[in-house]
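Work through the exercises below with the sequence and the 3D view side by side. Try each task before reading its solution.

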Amino acid sequence: FSPAITNSIFIKNSLSLILTREDKSWVKVQVLKKWKKKIKKLLPDKIVYGYEVIRTAPEYLKALKVKSQIPEIKFYSDEETVSLIVKERKSLSRFGDGEFMWMSGESMVSFQDYSAEFASDLTSAFKSDNENLLVGIPHGVFDSSKCNLYAKMHWRIIRANFLSRLVKFMDVNRVYSDASITRPYIDYRDRNYSAKIFDLLKRIWDKRDVVIVEGEKTKLGMGNDLFDNASSIKRIICPAENAYERIEAIKNSIRSNVEKDTLILGALGPTASILASQLCDEGYQFVDIGHVDVEYMWYLRHAILRETIEGKYVNESGVKTCSDVYDNDSTYINSIIDRVLS
């Protein structure tokens, strides 16, 4: 054998001795992820979308066999939700499958570490009896008729795997909002529907002074016209990961810097769900706006996949880094009124 081949064999054998079975499995997953990213870059998005549908099919067919007892849950329409936010100045706290996993005491790989206190605060927010707080759960779990094929498959799998977690927390006497109201594009097949919901959402901040509470890599509204109809935009910049660990400092910053007639928009993962409830109790209007900016950018680009966006962290793209294209932007810098970082 040549020296190169001999060295390669030696390295491979050495790794087999050093790595545990779990390590090898992890390495295999990382290699597959790397190749998957390369394939995505080489193939047209429609082909990658088709591949994802085919790849998900076995899990979807398995989910179809699960017979779930679906409770009678009442939902506000998106129009009703926005009307309540605009006319009655209600707050909105949104919950997805991840939040229900945490509330059930389960940890997962995420940008937020699990703790018992964190789970307790999420549960308290979800069960809040404050009449000024709207609580959102995913309508797609119960009805995904407006969604595209892949999203329908996704929601059917979520129903099979997570409905039991939702049910044990839900109140059948309560009327919920759709947590996906801030995600009206990538899962839907009708672009006109997406345009309608974005226009509807813009009513929330129309001619309002707005403070955005967001992660340091989020940069809501930069590079688009989503918030152009607001009277003013200010920002409180928070940690991109484990924001819950700084929740008291974030609340103190809001108390010091934000008047109670100012609209607060939160894009801070599950921490925003908790903040919406706790600050609503203090008389603030806090709307957990989540991924709306990312969805709007995808909408403007006619995106098919959950793709990266320059200058913004998009966790669903599978890429954990982003460029600093907006970091020195004067509009962005001048909008920052405080930084609450770890």
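This is a predicted model: local features need pLDDT of at least 70, side-chain atom pairs count only at pLDDT 80 or more; totals for chains, interfaces and linings use all residues.

**Exercise 1.** Determine how far helix 7 reaches from its first C-alpha to its last, and find where the helix has a kink.

*Solution.* Begin with the limits of helix 7, which covers residues 149–167 and so has 19 residues, because the run is read from DSSP. Next, take the span from the first C-alpha to the last, which is 25 Å and close to the 27 Å expected at 1.5 Å a residue. Finally, follow the helix to asparagine 161, on which a kink of about 55 degrees is centred.

**Exercise 2.** Arginine 156 lies in helix 7; find out which residues beyond its sequence neighbours are in contact with arginine 156.

*Solution.* First look for a partner of opposite charge: arginine 156 is buried yet has no salt bridge, and the nearest such side chain, that of glutamate 59, is 11 Å away. Then turn to the backbone, where the oxygen of alanine 63 is reached by the side chain of arginine 156 at 3.4 Å. Leaving aside neighbours within four places in sequence, the contacts of arginine 156 are Tyr60, Ala63, Leu64 and Val66.

**Exercise 3.** Decide whether the salt-bridge partners arginine 183 and glutamate 295 are buried or exposed.

*Solution.* The closest N and O atoms of this salt bridge are 3.5 Å apart. The pair links distant parts of the chain, with arginine 183 in the loop between strand 4 and helix 8 and glutamate 295 in helix 11, 112 residues apart. Arginine 183 and glutamate 295 are both buried.

Definitions and conventions. Residues are numbered from 1 along each chain as its sequence is written. Side-chain values use heavy atoms; hydrogens and water are left out. Helices (H or I, at least four residues) and strands (E, at least two) are DSSP runs, numbered from the N terminus. The expected span of a helix is 1.5 Å times one less than its number of residues. The bend at a residue is the angle between axes fitted to the seven residues ending there and the seven starting there. Buried means under 20% relative accessible area, exposed over 50%, partly exposed in between (1.4 Å probe, protein chains only). Lys and Arg count as positive and Asp and Glu as negative; His and the chain ends are not counted. A salt bridge is a side-chain nitrogen of Lys or Arg within 4 Å of a carboxyl oxygen of Asp or Glu. A polar contact is a pair of N or O atoms within 3.5 Å; within protein, one must be able to donate a hydrogen and the other to accept it, and residues adjacent in sequence count only if both atoms are side-chain atoms. Contact means heavy atoms within 4.5 Å.
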